[in-house]
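Subject: A structure for you to look at

Hi there,

Here is the structure I promised to pass on. Please open it beside this email and follow along as you read.

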Amino acid sequence: MYLIGIDVGGTFTDGALTKSGTILHSNKTATNNFNLSESLFTTLDKLLVNVSDTKLIERIVISTTAVTNLLATGNVEPTALVLIPGYGLPNSYYKIGDYTYFLKGVIDFRGNETEEINRDEVEKLIKEIKKLKIKRIAIAGKFSNRNNKHEELVKELFNKLYPEALVLTSSSISNQLNFSRRAATTYYTSMIYHEWNNFVDNVEKALEARNIQTEVHVLKADGGTVPLEVSRMYPCQTIYSGPAASTMGGVALTMDNTNSVVIDIGGTTSDISLLIEGEPLHASKGAVIKDRFTHVDAFSVTSLPLGGDSQITFTDDKIGLDKRVGVAACFGGKGVTVTDVFNTFYELEIGDYENSLENIKSFADKHDISVDVVTKEAINIVLNSLETAIEFMFKQWEKEPAYKVWEVVNERKFKLERIIGVGAASTAIVPVLAKHLNVSHFIHEYSPVANALGTSVTRPTINVNLHVDTENSYYSIEPGGFFDKITNSFEFNIEDAKELALNHLHNTLKERGISGYDDEATFYMEEQFNVIRGWNRGGRIFDIGVQIKPGFINEFTGVADI
């Protein structure tokens with residue numbers, strides 16, 4: 001059976017057809033950032049040429065910049081954020097964008113309603129938003145993860161008075177504590193909901209036209225996958241899937257416990273992530289979208305605007321770097337790029353080596369400087385930029401709990417041992433950077449398409465968060481914003497809570513058509529608190545977290561020997 005991974009990057013779309021850890025075929029296609037679907041299907045068709053029967057395709061996983069591009073460019077319709085913040089911080093603290101509105105009404109931290117929603121106020125607000133013709137609405141109430149009554153009421157009124165609008169509630173998108181993160185997650189989800197669903201529609205139609213009926217997933221920011229159909233409701237989970245693809249690609253190539261930095265040097269940008277004893281470091285506060293923390297689980301990564309196709313410039317008698325204009329000269333381009341200077345100085349003989357040398361000579365002659373000055377100064381800029389970026393990331397990584405725990409357990413400072421190169425330009429740059437930093441490096445034959453490899457073999461992930469309040473005889477579940485009653489409040493204990501969480505995990509996996517991972521569920525949070533009334537215990541509160549952790553599908557045990 002075949003696995004297909006497609007990584008739609010900013011410069012190239014990589015595709016890999018794999019079987020038993022071997023890449024049977026791979027290709028690179030220039031990404032059309034104005035039509036990502038076209039790049040995806042072109043790459044898919046090139047892979048399908050090598051498949052005798054589409055029924056032999058076991059799984060297709062897609063990594064895409066669709067959501068990242070939408071949010072970065074702002075090429076979306078206006079979105080209204082309706083907040084019910086209750087008491088506490090001033091309303092201005094929660095404001096996002098130009099259309100943030102506030103309603104009265106209070107739910108306390110136990111889920112009790114202490115102040116009702118004013119229906120007249122809501123109806124007046126709906127008329128105002130309707131007058132502005134804003135058709136994307138995000139609703140978030142503080143502690144709606146404990147009781148979503150207010151959110152549902154406001155949504156009901158919107159649906160009645162403004163049925164043509166899209167209305168999403170925070171309890172259905174991210175039913176977790178931390179009001180500001182939940183509000184931001186819901187806001188950005190509403191903003192890109194239609195565009196993402198159009199993308200999913202296009203993918204499904206294209207697969208149907210190619211007579212492909214198989215499991216199709218999208219790579220998430222946490223290095224796991226989500227079924228394509230399920231992603232319709234959670235598009236923000238797919239943001240930063242590119243850096244996640246490069247991280248998982250680096251892990252897939254090495255499969256060991258060495259402390260490493262993965263650097264994916266693409267044509268336009270370089271993505272940097274950290275592996276602690278072979279495990280990717282996660283961002284404990286969630287992904288940052290437009291300077292806002294969210295409830296999107298993600299790796300702790302950074303992107304640097306420097307890639308193999310970054311142009312070499314000469315301004316004010318100084319060598320410099322500029323954004324990508326086209327491909328490197330050694331691959332048929334007309335300018336001088338980062339790849340060309342490394343190719344020339346280190347005689348790497350990548351692509352048309354003579355074309356790199358010729359273009360650099362012309363560049364040097366034009367500015368009356370030597371080839372040696374061009375290459376040395378450009379290389380120093382690249383190496384110093386990457387080194388500075390890595391040093392900055394280590395300062396950020398040091399704040400992460402997992403990083404601190406490693407140092408406490410091992411009773412020593414974390415030490416970088418290796419750089420793993422991913423992406424087409426890594427072959428030229430990473431060995432030099434590693435020597436510059438006095439660490440080892442790892443470059444594999446599959447490094448140029450490691451993103452697609454990592455994408456194809458990454459397994460589904462899911463977190464289930466359960467909150468139980470036995471005094472009030474209810475529980476809530478994330479994902480989905482599910483609320484229900486418990487019947488055995490007095491006898492309910494932590495083992496009952498764990499069993500309930502596991503049952504919801506298994507049911508969610510079944511609903512999503514995911515099998516084979518039930519036995520790999522692990523608990524990452526088990527907390528219980530007594531509720532005291534006078535001298536007696538009035539009840540208990542339980543918070544349970546259970547997950548299918550990021551990793552690889554069971555069939556993948558590492559790349560086959562080349």
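S489 sits in the loop between β25 (482-485) and α14 (494-511); helices (H or I, at least four residues) and strands (E, at least two) are DSSP runs, numbered from the N terminus. This is a predicted model, in which local features need pLDDT of at least 70 and side-chain atom pairs count only at pLDDT 80 or more, while totals for chains, interfaces and linings use all residues. Residues are numbered from 1 along each chain as its sequence is written, and side-chain values use heavy atoms, with hydrogens and water left out.

Is S489 buried or exposed? S489 counts as buried because its relative accessibility is 17%, and buried means under 20% relative accessible area, exposed over 50% and partly exposed in between (1.4 Å probe, protein chains only). Not counting residues up to four places away in sequence, S489 touches T470 and S473, where contact means heavy atoms within 4.5 Å.

Helix α13 (residues 450-457) is mostly covered, with 8 of its 8 residues buried. Among them are N451, L453 and V457.

Now for the nonpolar core, a set of buried Ala, Val, Leu, Ile, Met, Phe, Trp, Tyr and Cys residues joined through side-chain atoms within 4.5 Å. The largest one has 53 residues, and those with the most contacts inside it include I4, I60, Y188 and I192. Several elements give two or more residues to this core, including β1 (2-8), α2 (66-73) and β11 (215-219). Helix α6 gives the most, with 13 residues. In soluble globular proteins, nonpolar side chains tend to be buried together.

Which residues does I192 contact, leaving aside its neighbours within four places in sequence? They are V67, L70, L71, V76, R136, P235 and C236. C236 is itself buried, with a relative accessible area of 2%. Another cysteine, C330, is buried too, at 4%. The structure holds 0 disulfides, a disulfide being a pair of cysteine sulfur atoms within 2.5 Å.

Finally, look for the largest cavity, which is lined by I6, L40, L44, I60, I62, V203, L207 and V216. A cavity is a set of points on a 1 Å grid over the protein atoms alone where a 1.4 Å probe fits but cannot get out, and lining residues have an atom within 4 Å of a point. The elements that give two or more residues to this lining are α1 (36-48), β4 (57-64) and α6 (179-209).

Enjoy exploring!

Best wishes

Note on methods. On a 1 Å grid over the protein atoms alone, a cavity is a set of points where a 1.4 Å probe fits but cannot get out, and a pocket is an open set with protein on both sides within 12 Å along at least five of seven lines; lining residues have an atom within 4 Å of a point.
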